[in-house]
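Q: I am new to this structure. Could you show me how to read it, one feature at a time?

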Amino acid sequence: MEKTFVMLKPDAVERNLMGDILSRIENKGYRIVAMRMEVLSDDQAKKHYEEHVEKPFFPELLEFITSGRVVDMVIEGEKAVAGMRKMLGATDPNEAEAGSIRGTFGFSKSTNLLHASDSLESAKREIDLYFTEKEIF
Ligand code: CMP
């Protein structure tokens, strides 16, 4: 069993896609272990996206990710890290597989609906940023 970190971004919340995305995750057989809705501060967003801080698209990413409510989640399941990435589809929704979440609902690389950890190491780091040990049993 693996745990991974998933975040519904402001566009997913704004477009009322939470229920659809959550039911896909549940229907897949994953367990939603922890969940919180919040508006990220600049500091939180910089910590979360620390490997992108120097990238040219970072100012746009920072503005977007702090622009509205996000939903932080810990998802558990067999091979959940790779499995959630597959459910998301490619970062650019125009290249994402048709049946994936981004392939179904997305149209922009910067407002791409959700984030999921790209490795077990990132999952551990990101889960620790958002949740305490006590919250993720
Ligand atoms: P995410 O999976 O959350 O991880 C990093 C994010 O940076 C990514 O999704 C995109 O939302 C964003 N991103 C990556 N490349 C670009 C880009 N070229 N322009 C704007 N945003 C980008």
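A: Start with a spacing inside a helix. This is a predicted model. Arg-24 and Asp-20 belong to helix α2, which covers residues 18-28, and because they are four residues apart, about one helical turn separates them.

Q: Which interaction joins the side chains of Arg-24 and Asp-20?

A: A salt bridge needs a side-chain nitrogen of Lys or Arg within 4 Å of a carboxyl oxygen of Asp or Glu. Here Arg-24 and Asp-20 form one, with 3.4 Å from N to O. The count by this rule is six salt bridges.

Q: Where does the ligand sit?

A: The ligand takes up the space of the largest pocket. Residues around the ligand include Tyr-49, Phe-57, Leu-61, Thr-91 and Arg-102. Sorted by class, the shell holds three nonpolar, five polar and three charged residues.

Q: Which side chains have polar atoms close enough to the ligand to count as contacts?

A: The cut-off for a polar contact is 3.5 Å between N or O atoms. For His-115 the distance from a polar side-chain atom to a ligand oxygen is 3.1 Å, and for Asn-112 it is 3.3 Å.

Q: How much of the ligand does the protein bury?

A: On its own the ligand exposes 460 Å², and the protein buries 83% of that area.

Technical notes. Residues numbered from 1 in each chain as written. Predicted model: local features only at pLDDT ≥ 70, side-chain atom pairs only at ≥ 80, totals over all residues. Heavy atoms only, no water. Near = heavy atom within 4 Å. Polar contact = N/O pair within 3.5 Å; in protein donor to acceptor, adjacent residues only side chain to side chain. Areas by Shrake-Rupley, 256 points an atom, 1.4 Å probe, with all protein chains shown as cover. 1 Å grid on protein atoms, 1.4 Å probe; cavity = no way out; pocket = protein on both sides within 12 Å on 5 of 7 lines; lining within 4 Å. Sits in = over half its atoms within 2 Å of the grid points. Nonpolar A, V, L, I, M, F, W, Y, C, P; charged D, E, K, R; others polar. Helix = DSSP H or I, 4+ residues; strand = E, 2+ residues; numbered from the N terminus.
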